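Okay, thanks for coming, everyone. Let me put the structure up, and then I'll walk you through a few places in it.

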Amino acid sequence: MKAKNILITGASGLLGRRILKSFNEVKAWKVTGTAHTRPAPELTQVDLADLEHLTDFLDKARPEIIIHSAAERRPDVSQRDPEGTQRLNVGTTAEIAAWAAEHDAFLVYISTDYVFDGTTPPYHVDSLPNPLNSYGESKRAGEVAVLSACEEYAILRVPILYGLAESLGESAVTAIAQSLLDAAGSTAVTVENWAVRHPTLTDDVADVLRQMVLYREEHPTFKGIFHWSGKEAMTKYEMALIFAEHLNFEKSRILPDNRPPAGAPRPKNSQLDTSSLTSIGIAKHTLFREALPRILQGEEAEKI
Ligand SMILES: NC(=O)c1ccc[n+]([C@@H]2O[C@H](COP(=O)([O-])OP(=O)(O)OC[C@H]3O[C@@H](n4cnc5c(N)ncnc54)[C@H](OP(=O)(O)O)[C@@H]3O)[C@@H](O)[C@H]2O)c1
């Protein structure tokens, strides 16, 4: 049987690296991953924001399934550069969606809990999006581009991610650990204690995506909007207290800041309801405390 041709955009990123690893374990799939500024021998380097080259690239690669993970995902960067964010998060997504529709490819678009305003959690797959910042707006516009172009699609919304990283600062979650390490000699570290987050392990998301694609092989009508999320609710301050246990950092030196964070406005609690996946048996949950030792050891000095 011919191997299924799968494309993963953003395969040099925090999430994309784990999707690539997980998908490569399926023998029946031929997986191609893309990178932009972080090339690697296993990856194809392409500027997805260059729409002409993007189309050429897709025409040559001919994927049957596209996992579109590449994005500008830093809310403060998006807020400062809405045009650049729009180009990648919306323009590129619209182009990929149009190509997928024209070539009967199944498109899986990775989106975010930041499409919601965080005032009425939990959010279901049919809850009304109301993004508060430029990043959330661009990701919602990407969703709309997929919904309007494609019949055969899945949109997977996920919340704040952490996982094996090239450096602790790569994820907003492990960046908290870095701030504790940086403060080793000083008296106190103040950490945000306002927004309720659901930190989600990139390996779990990658596994869920793999399950979704395998499920669709058995159930060709499987499509739509889905949510995946870690189960544990915590503020960044509460995450810092858990990191402190692992880093032998004195907890009394961590002070909560109960104000909303500075910079781009954030949702207070955008908890995602995951029942559209769990109800069909798709799930993968690793507890935060269980994942931390491996994440902090940075097993991924692994640059793929
Ligand atoms: N991280 C989170 O907490 C979080 C939360 C919710 C949703 N998400 C969503 O999850 C997805 C993956 O996020 P992530 O955390 O893995 O992001 P990331 O670590 O910042 O990775 C972004 C990826 O996009 C690629 N990229 C950026 N500009 C590009 C361009 N012009 N052409 C080609 N590739 C380009 C990057 O390539 P290079 O690095 O090689 O330049 C990288 O592979 C995104 O869609 C994001 O919106 C993330």
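Let's start at the ligand: one of its oxygen atoms lies 2.8 Å from a backbone N or O atom of Leu15. That's a polar contact, meaning a pair of N or O atoms within 3.5 Å; within protein, one must be able to donate a hydrogen and the other to accept it, and residues adjacent in sequence count only if both atoms are side-chain atoms. Asp47 uses its side chain instead, with an N or O atom 2.9 Å from a nitrogen atom of the ligand. Then there's Ile110, where a backbone N or O atom is 3.5 Å from a ligand oxygen. The protein covers 90% of the 900 Å² of accessible area that the ligand has on its own; areas come from the Shrake-Rupley method with a 1.4 Å probe, and for residues only the protein chains shown count as cover.

Before I go on, a word on the model: it's predicted, so local features need pLDDT of at least 70 and side-chain atom pairs count only at pLDDT 80 or more, while totals for chains, interfaces and linings use all residues. Residues are numbered from 1 along each chain as its sequence is written, and side-chain values use heavy atoms, with hydrogens and water left out.

Who else is around the ligand? There are 28 residues, and Ser12, Thr37, Arg38, Tyr135 and Lys139 come nearest; being near takes a heavy atom within 4 Å.

Now look at Ser69, in the loop between E4 and helix H3 (75–80). Helices (H or I, at least four residues) and strands (E, at least two) are DSSP runs, numbered from the N terminus. Is Ser69 buried or exposed? It's buried, because its relative accessible area is 15%, and buried means under 20%, exposed over 50%, partly exposed in between (1.4 Å probe, protein chains only). Leaving out residues up to four places away in sequence, Ser69 touches Thr9, Leu15, Gly16, Ile19 and Ile110, where contact means heavy atoms within 4.5 Å.

On to the inside. The largest nonpolar core has 35 residues, and Phe23, Ile67, Leu156, Leu209, Met212 and Leu277 have the most contacts inside it. A core here is a set of buried Ala, Val, Leu, Ile, Met, Phe, Trp, Tyr and Cys residues joined through side-chain atoms within 4.5 Å. Elements giving two or more residues to this core include strand E1 (4–9), helix H1 (14–24) and helix H7 (202–218). The largest share, 6 residues, comes from H7. Apart from that core lies another, of 26 residues, among them Leu164, Val173, Ala183 and Val189.

Ala183 brings us to Arg253, whose side chain reaches the backbone oxygen of Ala183 at 2.8 Å. Arg253 sits in the loop between helix H8 (236–247) and strand E11 (254–257). Its contacts beyond four places in sequence include Ala183, Ser186 and Val189.

Last stop, the rings: there are 7 aromatic pairs. Rings of Phe, Tyr and Trp (its six-membered ring) pair if their centres lie within 6.5 Å; planes under 30 degrees apart count as stacked, over 60 as edge-to-face, the rest as tilted. Phe116 and Tyr123 are stacked, 4.4 Å centre to centre with 10 degrees between the planes. Tyr162 and Phe288 are edge-to-face, at 5.2 Å and 75 degrees. Their pair links distant parts of the chain, 126 residues apart. Together with Phe243, Tyr162 and Phe288 form one aromatic cluster.
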